[in-house]
Structures are given as structure tokens and as C-alpha cells.
Amino acid sequence: MNILMIGQKGLPSRSGGVERHVDFLARGLATRGHRVIVLTLGTFDLFHAGHVRLLERCRLLGSVVVGLNSDAFVERYKGRPPVVPYEARAIVVAACRYVDEVYENDGPGRDIIDEVRPRLIVVGSDWQDRDYMAQLDVDAAWLSERGIVIVYVPYTAGISTTQLREAAW
């Protein structure tokens with residue numbers, strides 16, 4: 001299986017919450033002697049509490065590598081540039097205590113996944129009803145060949161870059 005959902009439509013988050021399930025997964029991987037590399041990809045524009053919660057949940061699973069989308073990629077994908085330029089976003093993301101490394105991501109994801117070689121790819125549950133593998137330009141067989149699992153963690157409701165942008169303009 002290449003997909004694991006924690007909380008919100010996935011593993012129940014009662015009895016200790018999401019962190020309990022994330023901790024269980026992390027301990028299971030660690031007892032096998034693996035240094036668990038966790039990759040999460042995104043723009044992280046207008047860095048906010050939802051970003052911090054995602055990165056905190058990534059840290060519970062292992063060493064965190066952020067594939068930070070380049071300005072050019074954001075413009076190609078969203079049709080507009082990010083509010084905050086790449087260099088400034090990279091400084092902010094790298095300063096977060098939950099992040100070990102930041103890589104520039106200029107494509108759908110396949111290249112950075114091959115470069116970083118993560119065990120887990122973590123994404124917010126707001127992606128669970130979309131085709132995240134297509135967004136990354138991978139499929140289940142490709143992930144399975146590399147021993148990679150996609151983990152969906154609960155999205156932090158009530159805060160998003162879109163909401164911040166709309167409130168400011």
C-alpha cells in the first residue's frame with residue numbers, strides 16, 4: 001500500500017489524536033533501522049500556522065526535507081507568481097525548527113523525489129480527494145518500486161495562503 005491517511009477520513013484521531021498515529025508509524029519505521037526521510041512539497045507562500053502544523057507532523061515521522069516550489073513553477077501551476085519570492089520563502093522555511101533541508105522544486109515532483117529518496121511523502125488531507133500522484137507525475141507502481149508511502153495528515157482548517165491573500169487585498 002502506498003497511501004496512508006491519518007485523521008479526517010483516515011485512521012481515527014480519537015484516543016490520543018493524530019500525533020499518536022504518526023508516532024506509531026514513526027516508531028515502526030525506526031525500529032527497522034531506517035533513517036526516515038520525509039519529503040513534503042509546496043509553495044509555503046505567506047508562511048502561517050497551517051504550514052507549521054504540517055511541518056511539525058512531518059518532523060514526528062523523521063528528518064524533514066521540503067521541496068519548495070520555485071517562482072517559475074508556481075506561476076506555471078497557479079497562473080500567478082507567489083506573493084513572496086523564492087529566496088525569501090526559502091529563508092523562512094529553512095528557519096522553521098522542524099525542517100532539516102530545503103530543496104528547490106521546479107517540476108511536478110518526480111525529479112526531486114529521485115534526488116531526495118524519501119521513505120515518506122507527507123501532504124495535507126486537503127489533497128486526499130485529488131489525484132496527488134498525478135500532481136507529482138508518479139503512480140503507485142513507481143512509488144512501490146522505491147518503497148515510498150504517501151501520508152496524508154489533517155489539514156489545518158481556518159487558515160490558508162488564499163485566505164490571507166484575500167483578506168489583505
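These legends accompany an overview and two close-up views of a predicted model of a protein chain.

**View 1. The whole chain and its order of elements.** The protein chain holds eight helices and six strands, where helices (H or I, at least four residues) and strands (E, at least two) are DSSP runs numbered from the N terminus. Read from the N terminus on, these elements follow the order β-α-β-α-β-α-α-β-α-β-α-α-β-α. Of the 169 residues, 47% are buried, a term that stands for under 20% relative accessible area with a 1.4 Å probe, protein chains only.

View 2. Asp-45 sits in the loop between β2 (37–42) and α2 (49–61), and Asp-45 counts as buried because its relative accessibility is 4%. A polar atom of the Asp-45 side chain lies 2.9 Å from the backbone nitrogen of Val-84.

View 3. Although Pro-118 and Ile-148 are 30 residues apart along the chain, their C-alpha atoms are separated by 6.7 Å.

**Notes to the views.** Residues are numbered from 1 along each chain as its sequence is written, and side-chain values use heavy atoms, with hydrogens and water left out. Because the model is predicted, local features need pLDDT of at least 70 and side-chain atom pairs count only at pLDDT 80 or more, whereas totals for chains, interfaces and linings use all residues.

Conventions: Buried < 20%, exposed > 50% of the residue type's maximum accessible area, 1.4 Å probe, protein only. Polar contact = N/O pair within 3.5 Å; in protein donor to acceptor, adjacent residues only side chain to side chain.
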